[in-house]
Structure formats: structure tokens, C-alpha cells
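This report describes selected loop residues and their backbone geometry. Please look at the sequence and structure first.

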Amino acid sequence: MNYRHAYHAGNFADVLKHLVLVQVLQHLRRKDKPFYALDTHAGRGLYDLRGEAAEKTGEYREGIGRLLSLPEPLPPALADYLAAVRPYLTDSHYPGSPLLVQSMLREGDRALFAELHPEENAALLDALGRDRRVKVECRDGYEALRATLPPKERRGLVLVDPPFEEKGEMERLGKALREGLRRFATGQYLLWYPIKARADVRLLHDLVRSLEPKEALVAELTIWPERTELRLNGTGMVIVNPPYGLKEALAACLPLLARTLAREGPGGWRLEPLSTQTEKA
Ligand SMILES: C[S@@+](CC[C@H](N)C(=O)[O-])C[C@H]1O[C@@H](n2cnc3c(N)ncnc32)[C@H](O)[C@@H]1O
């Protein structure tokens, strides 16, 4: 396990992932009933943008950094995301998914964060502080998914955001969703994936399609022309059981995000239900 999210925190992939996460959390908060959030690959929670790792890659400058000078009015979902991360930015930090989740939990809501790396896990505990609503476990996130679903609340989200360090991660994502849906069919699943080799993306989409979820939405953002499979050309999310209105909320943001975050050329985006999607060769 060599992956450290500190090198990538606040990059364009975090922007899309966290924007979607904030929207799904807002939707869950609309009903009074408590919800459960499971973050299977949680990371360290808080990232110092002046730290060595962040400065070494500078990825956050080309991600969240580029969004800060956008003229108002912003599409509502983008404004919501920026409102959620701004309190941390004032102190030159960027919040990981656990802190975003924690900031949106209400009194009766619960979250479980699985982070397997001991140092990242310890940092996460520190970042979250004392909070009865949250649990941090140093365990395999896929195992946590099997062990804790369905939640007693019977409503909630599962974010699966693995580091893609080892071969076979798309298959593991697909398997995790199969196991999740079997236990908790109405859960909202947020699966993150990198866009490098399109064949890998197709594999994940096929795996999700084969599970025949009631509804699944694909949202993608590409910042480089897809000429090589060796770099992170783009990022995508499969959102299973997307909340009402998510597609429209993302449709209002993605063209602007693509234009703003593109590194070469015009940038690209896709937003389609998985069932009707025509896969790129
Ligand atoms: C992409 S980062 C997570 C970023 C975080 N979700 C966020 O959005 O801020 C992936 C994390 O998964 C951890 N990890 C790797 N394998 C894991 C596993 N099997 N179970 C739980 N965590 C794992 C890594 O140590 C790393 O911190």
C-alpha cells in the first residue's frame, strides 16, 4: 500500500467525487429519518495544501484552485460543493470525504470510515475528533461493506473510492456493488473510477449493468485528450440509486467543470443512465 491521497487531494477527480457526495448527502438530509454513511476507503480526512506532498504535484492548483476564481452565479451544486470545502481552504487545507460526511451528519445519523493504512487511519481519527456519530476502523473497506450492510436505518450511502494500485480493482468494485445490493438494495452507491484505459471503464460499466440495478447514472469528466492510457485523463462515478434531481444538478455543472479544469483542449464530460449508454471504443 504505497498510495497516499495527500499527493492528489483537491485535484479534479476529488472535485467531481466530492461534488457528487455533497449532493447525495444533502438529499439524505431532506428527510427527518436518520441515515448511515459508509466510506470504504476513507483516507486521512484532512490534507495540508502547503504540505510537501501537495506541493510536489501541485494537483490541487489545477483542481479546486481553478474553481475559486469562477464568476458568480455558479450552478447550485457547484456552489454547494464550494460552500462545503471553503471553511477548510481558508486554513490552506482540503477536506477528504470523511470530513465532508461528518460536516453534514445530523444528531441521529451515523458514519463508518474504513481506512486500512495505519498512519492514514491514525490521522483520520485525529481529524475527526471526538464524535459519537462516527467510527473509524482500520480494516478492509470491502469487508466493512459486507459486515455492516444493511444498516439499521435502512437508508444511506456507500462511497467506494479505492486507490487502484493493484490489478483487478474494477472487478473488486463490481463485486462490492453486487454484495452491497444483495444486502441493501435501496442504498445509494457512489463508485469512483479513473479514466485511463477505456477497456477497464467498459468492464466496470458491464459489471454494474449485469447486476441490473433499478437505476444507475454515469458521470464523467475528462481533462486530457485520451491519447495515452498511462495518465489520468479523466475520472468517473457510477451512482447507483441516484437521488431525484442529481442528474439535472450535475448537468448544470459538468460543462463548466470540463471547460475550467481541462489541461489540454476543451475537456469533456458525459452524463447518462448506464442502461442507455453507448460505450466509447
Ligand atoms: C483514494 S484514497 C481515499 C480518498 C477519500 N475517499 C476521499 O475522498 O477523501 C484511498 C484510500 O484507501 C486506503 N486503502 C487501500 N486499500 C484499502 C482497503 N482494502 N480498505 C480500506 N482502505 C484501503 C488507502 O490507504 C487510501 O488512503
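Where is the place of Pro150? Pro150 sits in the loop between helix H7 (141-148) and strand E6 (156-160); helices (H or I, at least four residues) and strands (E, at least two) are DSSP runs, numbered from the N terminus.

## Basis of the model

This is a predicted model, in which local features need pLDDT of at least 70, side-chain atom pairs count only at pLDDT 80 or more, and totals for chains, interfaces and linings use all residues. Residues are numbered from 1 along each chain as its sequence is written, and side-chain values use heavy atoms, with hydrogens and water left out.

## Cis peptide bonds

The bond from Leu149 to Pro150 is cis, with omega near 0°. A cis peptide bond also joins Glu72 and Pro73, where omega is about 0°. Pro73 belongs to the loop between helix H3 (64-67) and helix H4 (76-89).

## Positive phi

Arg154, in the loop between H7 and E6, has a positive phi of about 60° although it is not a glycine. Arg154 counts as exposed at 56% relative accessibility (buried means under 20% relative accessible area, exposed over 50%, partly exposed in between; 1.4 Å probe, protein chains only).

Glu212 lies in the loop between helix H9 (198-210) and strand E8 (216-222). Its phi is positive, near 50°, and Glu212 is exposed at 68% relative accessibility.

## Glu264

Glu264 is in the loop between helix H11 (254-261) and strand E10 (268-273) and is partly exposed, at 33%. Glu264 and Ile223 are 41 residues apart in sequence, yet 6.8 Å apart in space, C-alpha to C-alpha.
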